[in-house]
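Here's a quick briefing on how two chains meet, plus a closer look at a couple of residues. Have the model open while you read.

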Amino acid sequence: MALSSFDFEKPVVELEQKIENLQAKESTNPEVRKELEGLEEQLEETKKQIYGNLTPWQRVQLARHIARPHSLDYISLLFSDWMELHGDRTFADDPAVVCGFAHFDGAPLAVIGQQKGKDTKENLARNFAMMHPEGYRKALRIMKLADKFALPIVVLIDTPGAYPGIGAEERGQAEAIARNIKEMALLRVPIIVIIIGEGASGGALGVGLGNVVLMLENAWYCVISPEGCASILWRDRAMAPQSADALKLTARDLIELKVVDEVIPEPLGGAHRNPEEAAKNIRVALQKHLAILTKKTPKQLQADRFAKYRAMGVVIEN
Amino acid sequence: MTWFRKEQFTVLKAPQLKDRIPDGLWYKCDNCLNILYIKDFMQNLKVCPRCNFHARLNADERIAMVVDEGTFQEIDTNVLPTDSLKFVDSKPYCERLETAKQKANMTEAIKTGFAEINGYKVVIGVMDFAFIGGSMGSVVGEKVTRVFETALDKKLPVTMVCTSGGARMQEAILSLMQMAKTSIAVARLSEARLPYISVLTNPTTAGVMASFASLGDVIVAELNALIGFAGPRVIQQTINQILPKGFQRSEFVLEHGFLDIIIHRRDLKKVLTNLLSYFCLDQNTRLKGKAGKGADVIEVI
Ligand SMILES: [Zn+2]
């Protein structure tokens, strides 16, 4: 199946097509085989050239690629015995977030994952991974279960933001996010947050407070989407590429700002080009951080979280 | 000039009001557009006597209105903003900061300090919408956090008077992280069983509402304040339908269970005093007969 591609990927796609066409001929002609080898070399170079120099805006586009692996893809690639649990016990179940328990390398843990759809139909059902208050409350319910039974929590972040709708406001979206942040700070178990795609605003932070925060290479994380920022500050959504530059929202930027602890590499061209490889890289990072964090006491875990976020922000003090 | 009907309120000094009041004797209400005699408007704490519209107070006016005269001791005045991301949209952020300083006559969107409210010692934070829409960047986050830390250290209650359009976009991810920093500070105060009263004024939305403003032990709101997460315009654009009447106003938010009490501005000090009297069991913070006349405080000592 051909993956849909972006304008900036055109040279790669064209080369890939040429190669595919030549291969289809199954020619034993040495001339053709030589041409094929040349094209493959050229393809590797072009890929390195394009994917090695992605602009922030291009990464934002990759992070939104419809074929990009989403939470449930990684859950099935990383964990065994996954069982999803539903509902916030107060109002409803929110399909924009999946919550449950699973085994990782044989040990149980809780998993919270913001869930986008594979197509328009599923996206509508999952509200494009834009959570409602009941989603934050469901997530907190499961995280408190994890806390009660001393299980680590893995959170997969992938949301264009909290949902700006009437019901969300009626049911106290702001309160739900604020409470989650406060309660997550106090949990006595390790929390590992991984931004796998989009991480926008309170919609992401509402389940995103962690002992460590990891981020896939092409994911983005910010207080607002580049389009949202462009329409407010530039009064023009078309300025999104400029706004993406200014917002410092890439994984590398966030390492410098000490908001993210580690960048998890993606296969060349993005996680959708090889989900298994992306999952393998996540597995390595998870193993490393779980090994460190599960050795800490509940008090230490809490204190680490307090200290981590206490240090964030830049002020001048005369 | 006498401002307030009850003695428990501190009288605002005329110079503090100068900036906000148009020249002359008349003031046009932003809401009902009635022309008001300035003296009536001011005596009514900048609330329109005709329609009860609560006009904005700046931080100094709010402090003068809520705390006992001469008791406000500002802290952390040396914590100042910087353009650490070198953010440029149509204007550089550092220029916007300079303009805001001139316009609001503030160094940032909040003033914090020690104060007494009818004799109750508190640590207080008062936000000011005139400074880039009361938005929360690193400095607001830092000063709010220090309010809670100071209170924790001195075993004092906290009062925050909030007004904010949300996050300071020019500080990008750092402004988002202030939601985490301030909420954790609230959590720590709460664990120490010290009271925190949050006062929501028009407007309190987005990042501030989704962090410390929503986390008060008691949440008080002024009449008809805009309170919510997403702004009404964003919601309208998203769902493409007319918003219900009174949507995201104090009365609507209380009906849905997210506010404890809605008050007219003139009752704020009394309400705060009562709440402090219920929760301040520590002798140090306990009222010692200093309540002004008319303060409905139960004296226990
Ligand atoms: Zn009026």
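Predicted model: local features only at pLDDT ≥ 70, side-chain atom pairs only at ≥ 80, totals over all residues.

Residues are numbered from 1 along each chain as its sequence is written, chains are lettered from A and ligands numbered from 1 in the order in which they are written, and side-chain values use heavy atoms, with hydrogens and water left out.

**The interface**

- Chain A puts 49 residues into the contact and chain B puts in 57, with contact meaning heavy atoms within 4.5 Å.
- Together the chains bury about 4500 Å², and 74% of that is on carbon and sulfur atoms; buried area here is the accessible area (1.4 Å probe) that two parts lose on being put together, summed over both.
- On the side of chain A that touches chain B, α8(A) gives the most, with ten residues (helices are DSSP runs of H or I with at least four residues, strands are E runs with at least two, numbered from the N terminus).

- The rule finds three salt bridges between chain A and chain B, each being a side-chain nitrogen of Lys or Arg within 4 Å of a carboxyl oxygen of Asp or Glu.
- A:E317 makes a salt bridge with B:R146, and their closest N and O atoms are 2.9 Å apart.
- β9(A) and strand β4 of chain B (residues 79–80) run antiparallel, joined by two bridges; strands pair if DSSP finds at least two bridges between them.
- A:I316 sits opposite B:L80 in β4(B).

**A:L247**

- You'll find A:L247 in the loop between α11 (240–246) and α12 (251–256) of chain A.
- A:L247 counts as buried because its relative accessibility is 0% (buried means under 20% relative accessible area, exposed over 50%, partly exposed in between, with a 1.4 Å probe and protein chains only).
- Leaving out residues up to four places away in sequence, A:L247 touches residues of both chains, including A:C222, A:P226, B:F87 and B:M169.

**A:D158**

- A:D158 belongs to strand β4 of chain A (residues 153–159).
- A:D158 is buried too, at a relative accessible area of 0%.
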